[in-house]
Amino acid sequence: MSHSVKQPIGQKRLTNVAVVRLKKKGIRFEVACYKNKVVNWRNEVEKDLDEVLQTTTIFNNVSKGILAKREDLVDVFGTDDEEKICVRILAEGDMQVSDKERDVELSSMFKDVASIIAEKCVNPNTQRPYTISMIERALKDVHFSVDPKRGAKQQALHALQQLKEKLPIERARMRLRLQIPVTCRNDLMQLLASQQATIESEDLALHNSQLTVTCLVDPGAFRSLHTFVQSSCDGEGRMEVVSLAATEE
C-alpha cells in the first residue's frame with residue numbers, strides 16, 4: 001500500500017479526510033481515511049483496506065501532519081507494522097466528525113437497525129411482522145442507542161433482546177424444504193421434534209422413495225438440520241431454504 005496521501009489535484013494536503021482516532025497510554029494515534037468508507041469497513045461491506053485508508057501512515061495529528069513515533073507504536077501496539085495497527089485503530093477508534101455529520105450517521109444507523117428487525121422478526125402471537133415505524137417507536141421507548149463502531153446487523157440482535165421487554169417479538173422462523181430417503185424419516189422427525197419445528201407437509205414420491213418435508217424452524221436449527229442432511233442420508237438428501245423469514249400475510 002502506498003504511503004502517499006491521495007488527494008484530488010488542486011486541493012490542499014489532507015483536506016476532505018475522515019480521521020479515526022484512538023488514544024492509548026495517553027498518546028493519540030490517528031489514521032486518514034476516505035469519508036463513508038469507515039462505516040462500510042465496520043459493517044464488513046468493504047474489505048479492501050486500500051479503499052478505506054488514504055495512507056497506512058500512523059499520525060499523532062493528521063491535520064498538522066505530525067507522524068507517530070516508531071517507539072510509541074511498538075510500546076502501545078507491540079508492533080511497528082503500520083497496516084496491522086491501522087486495522088486496530090479502525091476497529092477500536094472513534095471517527096472524528098462534526099456534530100451534524102454524527103447525528104446524520106446515528107439516525108441512518110438507527111433506521112437500518114429498525115429495518116433489519118422489522119424484516120427478520122414477527123409478533124409470535126400473530127406471526128405477522130411489525131412495521132418499521134412501530135419498531136422505531138419501541139426502540140425509542142426502551143432507550144436503545146446505536147453504537148457507530150458496531151455493524152447494524154450485530155446491533156439488531158442486541159436490540160431484539162431489549163425489545164422483548166416492551167412487546168411480544170421473536171425472530172421469524174425459516175421455512176425449509178427437506179428431501180430425504182424415506183428410510184431416514186424417523187431420524188429426521190426426531191430431530192425436527194427436538195428443534196420444536198412445525199411440519200407443514202409431507203410428500204412421498206413412490207418412484208424413488210424420496211420423502212419431501214416442508215417445515216418451519218427457528219434460525220438456530222439450520223446448522224443441525226444441514227448437518228443431518230449432509231451426513232445421515234448417504235449423499236441423497238437435499239435441503240432448500242424456501243423463506244428466510246416466514247410470516248403470515
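Just after helix H8, Gln196 takes a positive phi of about 55 degrees. This is a predicted model. H8 itself spans residues 185–194, and its buried residues include Leu188, Met189, Leu191 and Leu192. These four sit on the same side of H8, because they cover an arc of only 160 degrees around the axis. An α-helix has 3.6 residues a turn, so residues three or four places apart point the same way.

The other side of H8 carries exposed residues: Asn186, Gln190, Ala193 and Ser194. What lies over the buried residues of H8? The cover includes three strands, S8 (174–181), S9 (198–205) and S10 (210–217). Helix H9 (222–231) is also part of it.

Ala114 belongs to helix H5, residues 99–120. Is Ala114 buried or exposed? Its relative accessibility is 0%, so Ala114 counts as buried. Beyond its neighbours within four places in sequence, Ala114 contacts Ile132, Ile135, Glu136 and Leu139. The C-alpha atoms of Ala114 and Ile135 are separated by 5.7 Å, although the two are 21 residues apart along the chain.

Glu136 is part of helix H6, residues 132–141. This glutamate has a relative accessibility of 16%. The cut-off for buried is under 20%, so Glu136 counts as buried. With neighbours within four places in sequence left aside, Glu136 touches Phe110, Lys111 and Ala114.

## Aromatic pairs

How many aromatic pairs does the structure hold? There are two. Phe29 and Phe77 form an edge-to-face pair, 5.1 Å centre to centre with 70 degrees between the planes. The pair links distant parts of the chain, 48 residues apart. Phe29 is in strand S2 (residues 27–33), and Phe77 is in helix H3 (residues 70–77). Both Phe29 and Phe77 are buried.

Phe110 and Phe144 have ring centres 6.5 Å apart and planes at 40 degrees, so this pair is tilted. Phe110 lies in H5, and Phe144 lies in the loop between H6 and helix H7 (152–163), so the pair ties together parts that are 34 residues apart in sequence. Phe110 is buried, with a relative accessible area of 14%. Phe144 is buried too, at 8%.

## The annotated central domain

UniProt lists residues 111–172 as "domain: Ribosome maturation protein SDO1/SBDS central", in an unreviewed entry. In the model, this span is 52% helix and 6% strand. The C-alpha atoms at its ends lie 19 Å apart.

Methods:
Residues are numbered from 1 along each chain as its sequence is written. This is a predicted model: local features need pLDDT of at least 70, side-chain atom pairs count only at pLDDT 80 or more; totals for chains, interfaces and linings use all residues. Side-chain values use heavy atoms; hydrogens and water are left out. Helices (H or I, at least four residues) and strands (E, at least two) are DSSP runs, numbered from the N terminus. Buried means under 20% relative accessible area, exposed over 50%, partly exposed in between (1.4 Å probe, protein chains only). Contact means heavy atoms within 4.5 Å. UniProt positions are given in the numbering used here, feature names are shortened, and annotations may be inferred rather than shown by experiment. The arc is that of the directions from the helix axis to the C-beta atoms. Rings of Phe, Tyr and Trp (its six-membered ring) pair if their centres lie within 6.5 Å; planes under 30 degrees apart count as stacked, over 60 as edge-to-face and the rest as tilted.
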